[in-house]
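Good morning, colleagues. Please turn to the structure on the screen, and I shall take you through a few of its parts.

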Amino acid sequence: MIVAEAVGEALARLGARTVFGVVGSGNFHVTNALVANGARYVAARHEGGAATMADAYARVTGGLGVVSVHQGPGLTNALTGIAEAAKSRTPLLVLAGEVAAAEVRSNFRVDQAALAAAVGAVPERIHSPDTALADVTRACRTAVAERRTVLLGLPLDVQGAQHPDPAPPEPPPGGAAGVPAGYRPRVSRVPPLPVPPAGAIARLADALQDAGRPVFIAGRGARLSGAGEALAGLAGRVGALPATSAVARGLFAGDPFGLDVSGGFATPAAAELIRGADLIVGWGCSLNMWTTRHGGLVGRDTTVVQVDVDAQALGAHRPVDLGLIGDVAETALAVTAELEERGHSATGYRTEEVAARLAHEGRWQDVPYEEHPDGKGGDGARIDPRTLTIALNGLLPRERTVAVDSGNFMGYPVMFLDVPDADGLVFTQAFQSVGLGLATAIGAAVARPDRLTVAALGDGGALMAAAELETAVRLGLGLLVVVYDDEAYGAEVHHFGPQGHPLDTVTFPPADLAAIGRGFGCAAATVRRSVDLTTVADWLGGPRDRPMVVDAKITRGRPAWWLEEAFRGH
């Protein structure tokens, strides 16, 4: 057995159940070995798509994502997806062929370890036949236990060497590194999880006990910690209104006092209530400019507390009055126990007045709006993106996964499409790259075939990633691809246009995206009015044995309301 085969066998034993990739000579043998040992291989059409699919798969299943690429250009093609995963702290293992050390003049030679480190991934390598399995185990342990994206370099000379057949590797902490498709495991509670000291817990309990209008903002760390139930219980005890960052949306789905998302996507009612808080606790949430509207949602006299397992996250984006280093779920349980011992509970912000307001104004669907003027009449009519998304929300089944690309349009699906739980929105925005949404949706659909997956894209991102429509068709995914088509890079149009700049570089002639979808084998429809969605309803009611592309010709006259705030961050 050569080392490449031993590595593939070891990874399968460690729990790699599904592998995404594009195969070249440098990763041919290790990928085939994975398949021979029971892993499912999903071939993408571009390495960037493969990396993003694996990222989304890991987010949705809670297991390890694995992507396999060729050395050199295979890795550089995947780099944007790797950067997104690394910035999102996704447990992702990137298997990449690597030029042999002696091949100093190889055209494939690049400093792959430096590329990984440059985007925040952890570089690792198979060093020798004797250390190969230990190297594999170390890489998996780092990815799973530390929630990091790891590049495992596979030098070609080491891959081709004979393996000495040592004992099989042990699984990393927390059990298997991967999980079967469609299954989300309970969050691994491997002791010891960090809990703040008793004095810090008491100080947080004091702050909660003194607060009259507390708000909780739960972020990615709360979602990864599986802290939804613990935080909901604590919020009920102290009278807090729970909100989330965008990436944790759905964590408090169904809570009548839930504020949904804090930040640029917050409803007017939610934004006002967050501004009115006398205490804000960020639970595994960075409290960055997006989540706080550049600090505008934090009152002048509001006490700010931050709880995070990563000490470096505390106060990284804004000053905090109290910072606690600890696992979010365990910290919430410890504070609840402290308050129970004190016999404390309070109505806090959970008044009848607030309940009534949230019942009538708590969802974007409840906020009145005027149709854009170019959304009326004629063959050239365009549909208001709010009207489109609200109508789609009513058509879609409750059990859904929404994957959103980046762009001017992205707030419409994020805010107007309901999600059933914290796994319902896959929001690959840590790197803010246009073009990742379709691959994100494919990875999510592979992970959760029991749910309808919706890919919400702009026309720019859709055309960047169009090759992956063939992947979705080949896999037989019942994927709904909704393209918010304004024939432009809309963010730049609405930001630079009012300043008098020419827009020729960011606007494009019309494209028949429905026809492009049909060319790949998708069902397709062009939507200009709500009545055009009957075709979508028919597809939803059918076998859904192939993707459907909806080319929604949306109105272009006004920018999205979150746009200027977003540009303040650039």
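Where in the chain is the place of Arg249? The model before you is a predicted one, and in it Arg249 sits in the loop that leads from strand E8 (241-244) to helix H11 (268-275).

Is Arg249 buried or exposed? Its relative accessible area is 3%, and because buried means under 20%, Arg249 counts as buried. Leaving aside residues up to four places away in sequence, Arg249 touches Thr244, Asp260 and Val261, and also Pro413, Val414, Met415, Leu417, Asp418, Val419, Asp421, Ala422 and Leu425.

Leu425 brings us to the sheet. Leu425 belongs to E13, where it stands opposite Val402. Strand E12 (residues 400-404) and E13 run parallel and are joined by three bridges. These strands are part of an open sheet of six, in the order E13-E12-E14-E15-E17-E16, with parallel pairing. At its edges are strand E13 (425-427) and strand E16 (523-527), each of which pairs on one side only. On average, neighbouring strands of the sheet are turned by 15° against each other, direction ignored.

Which helices lie across these strands? Helix H15 (residues 385-395) lies across E12, strand E15 (479-485), E16 and strand E17 (548-553), and runs at about 165° to E15. Helix H17 (residues 437-447) lies across E12, E13, strand E14 (452-458) and E15, at about 175° to E14.

H17 also has a helical partner. Helix H3 (residues 47-61) packs against H17 at an angle of about 45°, the two axes being 7 Å apart. The angle therefore makes H3 oblique to H17, and the crossing is right-handed. From H3, the contact is made by Gly49, Thr52, Met53, Ala56, Tyr57, Val60 and Thr61; from H17, by Ala439, Thr440, Ile442, Gly443, Ala444, Val446 and Ala447. Of the residues in this contact, nine are nonpolar, five are polar and none is charged.

Helix H1 (residues 3-14) and helix H2 (residues 28-36) pack at about 40°, with their axes 7 Å apart. H1 is therefore oblique to H2, and H1 passes H2 in a right-handed crossing. Here Ala4, Glu5, Val7, Gly8, Glu9, Leu11 and Ala12 of H1 meet His29, Val30, Ala33 and Leu34 of H2. The residues of this contact divide into seven nonpolar, two polar and two charged.

Technical notes: Residues are numbered from 1 along each chain as its sequence is written. This is a predicted model: local features need pLDDT of at least 70, side-chain atom pairs count only at pLDDT 80 or more; totals for chains, interfaces and linings use all residues. Side-chain values use heavy atoms; hydrogens and water are left out. Helices (H or I, at least four residues) and strands (E, at least two) are DSSP runs, numbered from the N terminus. Buried means under 20% relative accessible area, exposed over 50%, partly exposed in between (1.4 Å probe, protein chains only). Contact means heavy atoms within 4.5 Å. Two strands pair if DSSP finds at least two bridges between them. Axes are lines fitted to C-alpha atoms, for helices over the stretch in contact, and angles run from 0 to 180 degrees between N-to-C directions. Angles under 35 degrees count as roughly parallel, over 145 as roughly antiparallel, 65 to 115 as roughly perpendicular and the rest as oblique. A crossing is left-handed if the near helix is turned anticlockwise from the far one by less than a right angle, and right-handed if clockwise. Ala, Val, Leu, Ile, Met, Phe, Trp, Tyr, Cys and Pro count as nonpolar, Asp, Glu, Lys and Arg as charged, and the others, Gly among them, as polar.
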